[in-house]
Amino acid sequence: MSKGAVTILAIESSCDETSASICVDGKVLSNTVATQAVHEQYGGVVPELASRAHLQNIVPVVQQALLKADRNIQDIDAVAFTQAPGLIGALLVGAQFAKSIALSLNKPLIAVHHMQAHVLANLLVAPEPSFPFLCLTVSGGHTQIVLARSPLDMEVIGETIDDAAGEAFDKSAKLLGLPYPGGPLIDRYAKLGNADAFRFAEPQIPELNFSFSGLKTSVLYFLQAQTAKDPAFVQNNLNDLCASIQATIVRILIKKLKKAVVQTGVMQVCMAGGVSANSGLRAALQEAGKKHGWKTYIPPFEYCTDNAGMIAITAYHKYLAGQFEDLSVGPTARAGWS
Ligand code: KG4
Ligand code: ZN
């Protein structure tokens, strides 16, 4: 290791992925993720079960991250963890583990905001955007447009006032009788369907904010009316339904992104979060980029979903800025933008 290199161990445990990453000078050497399959049978994440699974997974996940990066725990210069937002029991497991390591190694502790980290996932692979850039962060729990002026200077300029984009996918999928999480299945069936077959409500929300709860209601009423006439309606129209629902969600997202570009004058546009895996959304971003002259960026899938690599890169910038925490720090379920 070169003299002066900064090695960080980062831990992510905000929801249902236990993840650890080793990064050296802002370059991720390993990003290990244990996904918790236990929630599938319940149709959503069960907080109590998530905490227990984190407790089981955290030691092997960290050990694997060290092994893959070919580093020992003694090589670590700082320990980082996701402080907020997330499920409090899940966050506590990662926070407590990180604090114990920092205490035992006598190394600094860094607390990371999960949503800031999603945005900085765009710095993990080349070509990376330069600052300032806009980021549409779309996951199961969040939908935000962020203006990133520098790694540690970000502003949420738009967000959902109710459901997240991922919830819009998952709840619509549930109405179609698809298993949780339904987002990837809608994506798959949408490829075979006609996106103009059906129209669903598109809310008129002011500024750069989003609303998705009306879409779910619109899908529900439409399906109720159609299945009353034809009980096999969903089965016979699944591909078209998926394509139309997906196109509606994508239109809502891209419309606000266009507005954000006009409002800020920032032409570099990134995406982050699990929903950015959606092929319709990826294509729409690229198309909008070509049409309007934006430079567009989407991280590889492993850095779109919850992962410790994004926590590590954020922690690296906080390390350079000397932003460390006292060992009495704790996580919070909800947190404003730091
Ligand atoms: O970021 P993420 O892995 O977890 C958090 O919510 O933090 O995002 C999960 C969400 C789920 O709602 C899932 O249905 C959605 O991302 N998702 C997709 C696709 N892949 C994952 N939604 C639409 N199309 C996809 N291909
Ligand atoms: Zn997330």
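A residue counts as buried under 20% relative accessible area, as exposed over 50%, and as partly exposed in between. Keep that scale at hand for this tour of a predicted model.

**Stop 1: Asp 25.** Select Asp 25, in the loop between β2 (17–24) and β3. Its relative accessibility is 36%, so Asp 25 counts as partly exposed. Now look at the backbone: phi of Asp 25 is near 50°, a positive value in a residue other than glycine. Most residues other than glycine have a negative phi.

**Stop 2: Asn 31.** Move along to strand β3 (residues 27–35), where you will find Asn 31. Asn 31 counts as buried because its relative accessibility is 12%, under the 20% limit. Show the side chain and look for two partners. One is the side chain of Glu 302, joined to that of Asn 31 by a polar contact of 3.3 Å. The other is the backbone nitrogen of Gly 309, which lies 3.0 Å from a polar atom of the Asn 31 side chain.

**Stop 3: the zinc ion.** Next, select ligand 2, a zinc ion. Which residues of the protein are its donors? They are His 114 (NE2), His 118 (NE2) and Asp 306 (OD), lying 2.1 Å from the ion. Along the chain, these donors follow the spacing H-x3-H-x187-D. Colour helix α3 (residues 114–120) and you will see that it holds both His 114 and His 118, four residues apart, about one turn of the helix. Are these two histidines buried or exposed? His 114 has a relative accessible area of 4%, so it is buried, and His 118, at 0%, counts as buried too.

**Stop 4: a cis peptide bond.** Leave α3 and follow the loop that runs between it and β6 to reach Pro 132. The peptide bond joining Phe 131 and Pro 132 is cis, with omega about 0°.

**Stop 5: ligand 1.** Now select ligand 1 and show what is around it. There are 17 surrounding residues, and the closest are Gly 140, Asp 170, Asp 187, Gly 274 and Asn 278. Zoom in on the oxygen atoms of the ligand. A polar side-chain atom of Asp 170 lies 2.6 Å from one oxygen atom. A polar backbone atom of Gly 140 is 2.7 Å from an oxygen atom of ligand 1, and a backbone N or O atom of Gly 274 lies 2.9 Å from an oxygen atom of the ligand. On its own, ligand 1 has 550 Å² of accessible area, and the protein covers 86% of it. Two elements give two or more residues to the shell: α4 (165–175) and α5 (183–190). By class, the shell has nine polar, five nonpolar and three charged residues.

**Stop 6: between the helices.** Look in the loop between α4 and α5 for Pro 181. Here, a cis peptide bond joins Tyr 180 and Pro 181, with omega about -10°.

**Stop 7: Glu 207.** With 52% relative accessibility, Glu 207 counts as exposed. Its phi is near 60°, a positive value in a residue other than glycine.

In soluble globular proteins, nonpolar side chains tend to be buried together. The largest nonpolar core here has 46 residues, and Leu 176, Ile 249 and Leu 253 touch the most other members. Elements giving two or more residues to this core include β6 (133–138), β7 (143–150), α6 (213–229) and α8 (279–292). Finish on α7, which supplies the largest share, 15 residues.

Notes:
Residues numbered from 1 in each chain as written. Chains lettered and ligands numbered in written order. Predicted model: local features only at pLDDT ≥ 70, side-chain atom pairs only at ≥ 80, totals over all residues. Heavy atoms only, no water. Donors = N, O, S within 2.8 Å, 3.2 Å for Na, K, Ca; no water. Buried < 20%, exposed > 50% of the residue type's maximum accessible area, 1.4 Å probe, protein only. Near = heavy atom within 4 Å. Polar contact = N/O pair within 3.5 Å; in protein donor to acceptor, adjacent residues only side chain to side chain. Areas by Shrake-Rupley, 256 points an atom, 1.4 Å probe, with all protein chains shown as cover. Nonpolar A, V, L, I, M, F, W, Y, C, P; charged D, E, K, R; others polar. Core = buried A, V, L, I, M, F, W, Y, C linked by side-chain atoms within 4.5 Å.
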